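Here are my notes after a look through this one. Have the model open while you read, as the points go residue by residue.

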Amino acid sequence: MGTQKNRRKSLRAPLYIDASFRLACGTLNRAKIINLSTGGVFIKVDEPVGNKERVIVRFSLPSISKHMQLAGEVVWSRCYLKPKPKCEMVKVLGAKFVNIREKHKRLIKNYILQAIYMEAQVRSLGILLVMGKIRKLPPAYRLRAYDLLINRGHATLNAAVPATTLLHC
C-alpha cells in the first residue's frame with residue numbers, strides 16, 4: 001500500500017464546542033465542532049448534509065466571547081453506526097471555509113497555536129513529573145524504570161526487579 005498524501009493545508013486543533021450552522025435553504029442545525037483549522041472545520045451534526053452544500057457555521061472559541069460566523073462548503077459527509085456505549089447513528093462532515101476574513105483566520109490560528117503549546121506543555125510536564133519520581137527510586141529500581149520508560153513499557157534489561165514492583169513505588 002502506498003502512503004496517502006496529507007491534503008490538509010493548515011494546522012488543526014481538537015475542539016469540542018457547541019455550534020450551529022445554517023444551510024443555504026435557511027435551515028438552522030445544531031452541531032458540535034470536533035476540530036478546527038484556518039482552512040475548515042470537522043463537525044458532528046444532527047442531520048445529514050450533502051456534499052457541496054453551502055453552510056454558515058456559527059461558534060465562539062473558548063478564549064473569545066464574540067461569536068464567529070464563517071461561510072463554508074461541505075467537502076465530505078459521512079454517517080456511521082457507533083456501537084458503544086449506546087448504539088447510535090453518528091453524522092459528521094468536513095467543510096472548508098470560503099472567503100474567510102483575515103481577522104477570523106488570525107483568531108483561529110492564535111487559538112490553534114495556543115492549544116498546541118498547551119498540549120506540549122502538558123506532555124513535557126508529565127514527563128518531568130515521571131522523571132522526578134524515577135530519580136527518587138533506589139538505584140536498583142531506577143535503571144529498570146528508565147528502561148521501561150525508554151522502551152514504552154517493554155523492558156529490555158535482565159534486571160532482578162519485576163516491573164510490577166516499580167508501579168507500586
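Is Arg-30 buried or exposed? Arg-30 counts as exposed, at 62% relative accessibility. The cut-offs here are under 20% relative accessible area for buried and over 50% for exposed, with partly exposed in between (1.4 Å probe, protein chains only).

A word on the ground rules. This is a predicted model, where local features need pLDDT of at least 70 and side-chain atom pairs count only at pLDDT 80 or more, while totals for chains, interfaces and linings use all residues. Residues are numbered from 1 along each chain as its sequence is written, and side-chain values use heavy atoms, leaving out hydrogens and water.

1. Salt bridges overall. Searching the whole structure turns up four salt bridges, the criterion being a side-chain nitrogen of Lys or Arg within 4 Å of a carboxyl oxygen of Asp or Glu.

2. Arg-30 and Asp-46. These two side chains form a salt bridge, 3.2 Å from N to O. Asp-46 sits in the loop between strand 3 (40-45) and strand 4 (54-59) and Arg-30 in strand 2, so the contact ties together parts 16 residues apart in sequence. Helices (H or I, at least four residues) and strands (E, at least two) are DSSP runs, numbered from the N terminus. Asp-46 is partly exposed, at 36% relative accessibility.

3. Lys-32 and Asp-18. Here the salt bridge has an N to O distance of 2.5 Å. It joins distant parts of the chain, with Lys-32 in strand 2 (residues 28-37) and Asp-18 in strand 1 (residues 12-23), 14 residues apart. Lys-32 is partly exposed at 27%, whereas Asp-18 is exposed at 56%.

4. Glu-102 and Lys-105. This salt bridge has its closest N and O atoms 4.0 Å apart. Both residues belong to helix 1 (residues 102-135) and are three residues apart, about one turn of the helix. Lys-105 has a relative accessible area of 30%, which makes this residue partly exposed.

5. Strand 6. What about burial in strand 6 (residues 88-97)? Seven of its ten residues are buried, so the strand is largely enclosed by the rest of the structure.

6. Partners of strand 6. Strand 3 pairs with strand 6 in the antiparallel sense over six bridges; two strands pair if DSSP finds at least two bridges between them. Phe-42 has Gly-94 as its bridge partner in strand 6. Strand 5 (residues 68-82) is also antiparallel to strand 6, over ten bridges, and Arg-78 stands opposite Val-92 of strand 6. Strands 5 and 6 make a hairpin with five residues between them.
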